[in-house]
Amino acid sequence: MTEESPALYVVPTPLGNLADMTPRAVDTLRRVAWVACEDTRHSAPLLKHFGVSARLLAAHEHNEEAAAQQVVGLLNEGESVALVCDAGTPAISDPGARLAARARAAGHRVIPLPGPCAAVTALSASGLAEPRFLFYGFLPAKARQREDALRELSDLRHALVFYEAPHRVVETVGALRAVFGIERTLVLARELTKLFETIHVCPLGEAPAWLEADANRQRGEFVLIVSGALPSADDGEGERVLKLLLDDGLSVRQAAKLAHAITGAAKNALYDRALRLRESP
Ligand code: SAM
């Protein structure tokens, strides 16, 4: 890359399946002088596999500022640098944002390559109909902070995308169920692109039992996606439909079931609302 002005290339790498490395990613890594990576021991075999002979420098969360200065120094000397993380797209729940900001602030081009990302891979197969999603990444590890974070998200109509590690997945799914209720849909996308890839879709209420039923289901890396908040039973539409159905002589149970099918609002909430309407119409 000596003929062009130097640049910082942001290069995604496979989540597990080496065939997901794009030709452009390979070509870029082969042409740069330096590759900044989270863990040089982790990336070295991958780079070797693709015939990359660039020198490696470490850029992880504990040295990102110093690494950014080093990268800017290399760019100033006319050397192009590629940034990779252990797997997937740099700067997505991974280091990289500071490197990109410092390189751009120093007047250099930051060139992103499209490629593997666990969140987008999971979303693409989720089957969720929400037109919008919110990428959250990792929730706080402490129960209280995690619950506060989830409460802030609970009324959003967006699909919510979380990352989780195997040792916390049971706890996190329990917290999702406790805060979001049993009716919203959970997509558990595990070990994407790998041998034991599993994509399980179920109501949140059933998810803890599904995970507990087989220890293997708790292994590996996870993307958890929760469908957006259901419309409220108390909004005008839910109440209007319930009243029509109750006036037509349907039981509370039947009215709640049909109103759920018509409005998409949560069944339990509609049932409670129908009970209250029956008592005081
Ligand atoms: N930068 C990466 C990306 O673009 O997806 C994410 C890095 S983050 C440190 C690691 C987390 O991503 C894992 O804990 C897991 O939640 C998710 N992840 C990575 N690889 C995955 C895979 N093959 N299947 C499911 N989730 C994965």
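Residues are numbered from 1 along each chain as its sequence is written. In this predicted model, local features need pLDDT of at least 70 and side-chain atom pairs pLDDT 80 or more, whereas totals for chains, interfaces and linings use all residues, and side-chain values use heavy atoms, without hydrogens and water.

The ligand is surrounded by 19 residues (a heavy atom within 4 Å), and the closest are Thr 89, Ile 92, Tyr 163, Leu 192 and Phe 222. By class, this shell comprises 11 nonpolar, 3 polar and 5 charged residues. Strand S7 (159–164) and strand S10 (222–226) each give two or more residues to the shell. Domain 1 (7–112) and domain 2 (118–226) both contribute to the shell, so the ligand lies between them. The assignment also gives domain 3 (235–279), and the C-alpha centres of domain 2 and domain 3 are 29 Å apart.

An oxygen atom of the ligand lies 2.8 Å from a backbone N or O atom of Thr 89. A polar side-chain atom of Tyr 163 is 2.6 Å from a ligand oxygen atom, and a side-chain N or O atom of Glu 221 is 3.4 Å from a ligand nitrogen atom. The protein buries 92% of the 570 Å² that the ligand exposes when taken alone (Shrake-Rupley method, 1.4 Å probe).

Note on methods. Polar contact = N/O pair within 3.5 Å; in protein donor to acceptor, adjacent residues only side chain to side chain. Helix = DSSP H or I, 4+ residues; strand = E, 2+ residues; numbered from the N terminus. Nonpolar A, V, L, I, M, F, W, Y, C, P; charged D, E, K, R; others polar. Domains from an automatic or database assignment.
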